[in-house]
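Please look at the structure first and read on with it in view.

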Amino acid sequence: MMANKKYLLLIVLLFLSGGCSSNELVEEDALAARKAMVMVQIKQRGINDPKTLEALMTVERHRFVPDRLQNQAYDDKPLPIGEGQTISQPYIVAYMTEALSLVRTDKVLEIGTGSGYQAAILGELSDHVYTIEIIESLGLRAGALLQSLGYENIRVKVGDGYQGWVEYAPFDVIIVTCAPRHVPKPLQQQLQEGGRMIIPVGEPYQQKLVILRKLNGRLVQDDVLAVRFVPMVNDAGSTY
Ligand code: SAH
């Protein structure tokens, strides 16, 4: 009788564990999916910077998406992360990262922490990363996740990134992952002379990703890519 009960318990446990993990990825599957992502979506589309590729291989993207979407974490698309926001498509993350040509000593500011995935990629390449998220629940979750993954070099703040982060300015690099209609003045001011900024600018959901460099106190601009980011908003939810 006892033996039968134990058996039953074991079967129930096996069933439950199988049932719960249907959308979750085991390590080997995640690694294989990540390799395929880097090869097909990133390398074959012309991203060749070895440091960018290595960072994309290292960071476990499936940890940054909701459990029920883990099996789509390495697909070629953005995914919902709650609060109506999304984690960007892997190619866009790689494109923006490569364009920044980061060195370890660069002090980097990101606006739009979201899931924390882009911040983790930046954290692989730079010793000083600052990131701001306006939606409290997302900022807190990303902060806790990044800390649990050991990123002591990344500082997360909940607030309006339009204003930048004066206490730590100037920044060598600013990367913006939500889109205002114009380049925020405070971000221009907080960019170091010679520093670079990558930012999607334009109407909601229809923008150009531009790379700017600060030369003699002025921003010099190159248009690069048509993109679709969520709009930058203020505390009242209005678009900038
Ligand atoms: N970089 C993120 C994806 C960004 S989605 C990742 O890797 O997952 C864009 C994010 O910008 C959203 O989470 C949105 O809430 C945030 N956002 C919008 N306006 C903002 C503002 N003014 N300041 C800071 N974050 C803002």
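A polar side-chain atom of Glu133 lies 2.6 Å from an oxygen atom of the ligand, one of the polar contacts, meaning pairs of N or O atoms within 3.5 Å, that are set out below.

| Residue | Part of the residue | Ligand atom | Distance |
|---|---|---|---|
| Glu133 | side chain | oxygen | 2.6 Å |
| Ile134 | backbone | nitrogen | 3.3 Å |
| Asp160 | side chain | nitrogen | 2.8 Å |

Taken alone the ligand exposes 580 Å², of which the protein buries 99%, with areas computed by the Shrake-Rupley method and a 1.4 Å probe.

The model is a predicted one, in which local features need pLDDT of at least 70 and side-chain atom pairs count only at pLDDT 80 or more, whereas totals for chains, interfaces and linings use all residues. Residues are numbered from 1 along each chain as its sequence is written, and side-chain values use heavy atoms, leaving out hydrogens and water.

Around the ligand there are 27 residues, each with a heavy atom within 4 Å of it, and Ser115, Glu133, Asp160, Gly161 and Val233 come nearest.

Ser101 is partly exposed, with a relative accessible area of 48%, while Asn216, at 73%, counts as exposed; here buried means under 20%, exposed over 50%, and partly exposed in between, with a 1.4 Å probe and protein chains only. Elsewhere, the peptide bond from Ala169 to Pro170 is cis, with omega near 0 degrees.

Note on methods
Polar contact = N/O pair within 3.5 Å; in protein donor to acceptor, adjacent residues only side chain to side chain.
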